[in-house]
Amino acid sequence: MTMMTSKHVLCGLVWLLSCDFLSFVHSTPTLTIQEVVLAVKERESRQLELTTLPITCTDPDGDTVRVYRQSIHPTNPCGNCFPIWPCSSGTGYCVMYTPSVGTLNYLVATQYTLVVACTDDKGEEVAGTVDVRLEPNTPPAFTNPPTGYASYSVSSTKTKVIGDLKYDVNANDTDGDGIFYTMTSSPASNRFEIGYGSGIIRAAADLRFQCDPSVTFSVYASDQFNPSVGPSVITTTFSGINQRPVVTNLNTTVKVAELTAARALVYAAVVTDADKYNDIFYTVRASPEEGLDYYAVDTNGKVTTRKILDYEYTPLRTVTLYFDISDGFCKVPTSWLTIQITDVNEPPKIFPNDIEITVYEGFINTDPFWKVVDPDENEYHKWSRTSSSGDFDVDDDTGSIFSKEEIDIDPKVKSKIYNLKVRVTDKGGLTTDGQVKITVLDKNDNEPIFDKAVFDVSANECTKLGTILSKVTATDRDSSFQGNDRLFYSATGRYISILSDGSVVLTSQCTAGINDDTLAHVTDQGQYPGPLSGVPATVTFSCSVSGVVDIRVFTSGNLCPIFQSPYSSACQPCPTPPVKTTTTTTPTTSTTATVTIFASNTKKGFLDNLAWLVPAILLGIALLSTLLYLLWRYCSAACTRCRLRPYTDRNQIIPPSRTALPASVAKDDEVAAIVLKEEIAEKEAIAKERQEKIAKYEKEVDDYKKKINGVETEPAPKPQTPPKPPKRKVCNIL
């Protein structure tokens, strides 16, 4: 058993050693490259097998082999364009060109070197090289004309129509690329064209439009891979062409005077045509374009004005007209005509040329209110006066109107009108006239002046309060315009006040012998430049006495109480002459009462006048009270209203804007009214007190009568009617 096992182990060892030895002596594959240089066109766009003779690889041991590209140089721009693939014939391997993975560029890489390797994948490998060279694309070459220059003639040109005049330009491309043709002409013309793919030159328009005797065509060819080649020059001459019109007098400059009227002829173009088919056509443009607002060109080539020319409008002072003239087929090269406007002196104008101004009297100098419009440039204007006014003149340079001296239209003139004619002259001597009406208004420039420096007024103790004693007056040289001579007076003294109309009113009861001075003020109501006040005047007030009657009542030789009137003892009515009264005495009882009323001119007994004195006194008191009440009730209120009523001048000219009375005047009148009202109330209180005294006196008189009647013992005889007393003068208390 053991021997058998040892034999088997020995045999296995021998087998393994024999296997390793055989492996150590393995053969290398054989690589065969028959074409080491290949070529490809730079602009090739197809996938190609570049190898015509396949690359082969064999293994002596009969192992399976494979061929692959080991490396390539350069790798850009098309390093992946050349793979090693099995040939399409089924035998060997081929170098392929695949344009889809890159772009060949001869300028970057002229050839690519491939390292081709063969291996049996058992550790043995063999390699070789293949060069792929780029063949640059060849541009096309002209074959007709072969030299690049040719001459071609066309007769009866003006009879040719579209499609005529065929000339074939040929070119060849060795790469077989498509050829494309372009063409230019000199002079430039759109009447000919070349087939883009055919290279045939044809007429593209009616050759009556061909007005040039020759045209040079320059043809270029391109295969889209290379720059265009050419030009191939074909000089074509034409006979029997349509003749262009001929312009003989354009391309010049003309001058035309300013103010040329509309539709005036400026210039006429002269154009001739030897074989015209139609009328001559003019197409005109202007520089500046606005120039066509000034000028028009008719179908005969006449240039006329559209409006009056104005040199001062600088944008159109110079205008160039460009003429495109044709006979319908042949156009003349553009011609030009430059028109320059020359200056003409134009008269100035005054705006406004007839004006009215209103100013106040005094030194007058108005701002320039004229506007001189002169279309001429760089003008200078002089002003002058054409009327013979001696009061006003005009400034030579500015045109301002001014007075030669102070204008004074006083006295009592509201306004005065002056007319002035002026003229303005430009440096060329042309003139224009204007006129101005100047209305000078009365200005409040005169202070009111009292007619007297001192006014004397007087009253007596019997003068009633509110009585107008006198009136102060003043004079104003200004007119009534805007209240310039409307005067307002004012003053307030101890005894008098002066109302706004100048009335002097008694405001306080005076005592005889009193003298008092009060300053009177006067102010006008002028609006411009404002109210003016005059120098105050002095009002001298004096108070005098009235006629005096003393009334004394005696009883048994005693003086009775003095009768007090409601106003003053000095203002009593004068009594009637006294009448003496005698009583009859009985023998048994005798009581004598004597009443004597003494006037200032009698000394009769009191009792002699008692019979008529008491009724007279009572009647006088009643009448006096009634009179005083009526005066207070009606005259006082009426006088107060008159005094407080605002001054109204019905002949006053209402000024443009009313001005309130001066504050000082209104205030004085208001104060005077208040004072007068207070004084009247005070006097009413005094009158009431005196009425009470009269009532008390009447009671005393009644008591006295009763006392007299009580002492009489004998029946009184029938009284005789006393003789009527002579009429006595009564004091005027009003």
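The model is predicted: local features require pLDDT of at least 70 and side-chain atom pairs pLDDT 80 or more, while totals for chains, interfaces and linings use all residues. Residues are numbered from 1 along each chain as its sequence is written, and side-chain values use heavy atoms, without hydrogens and water.

**Exercise 1.** Determine how many disulfides the count gives.

*Solution.* A disulfide is taken as a pair of cysteine sulfur atoms within 2.5 Å. By this rule there are 5 disulfides. With the bonded cysteines of the protein chain numbered in sequence order, the pairing reads 1-6, 2-3, 4-5, 7-8, 9-10.

**Exercise 2.** Characterise the disulfide of C57 and C118.

*Solution.* Begin with the distance: the sulfur atoms are 1.3 Å apart. Finally, consider burial (under 20% relative accessible area, 1.4 Å probe, protein chains only): C57 is buried at 14%, and C118 is buried at 0%.

**Exercise 3.** State the handedness of the link between C211 and C330, and whether these residues are buried or exposed (over 50% relative accessible area).

*Solution.* The sulfur atoms of C211 and C330 lie 1.4 Å apart. The torsion about the S-S bond is -95 degrees, a left-handed link. Both C211 and C330 are buried.
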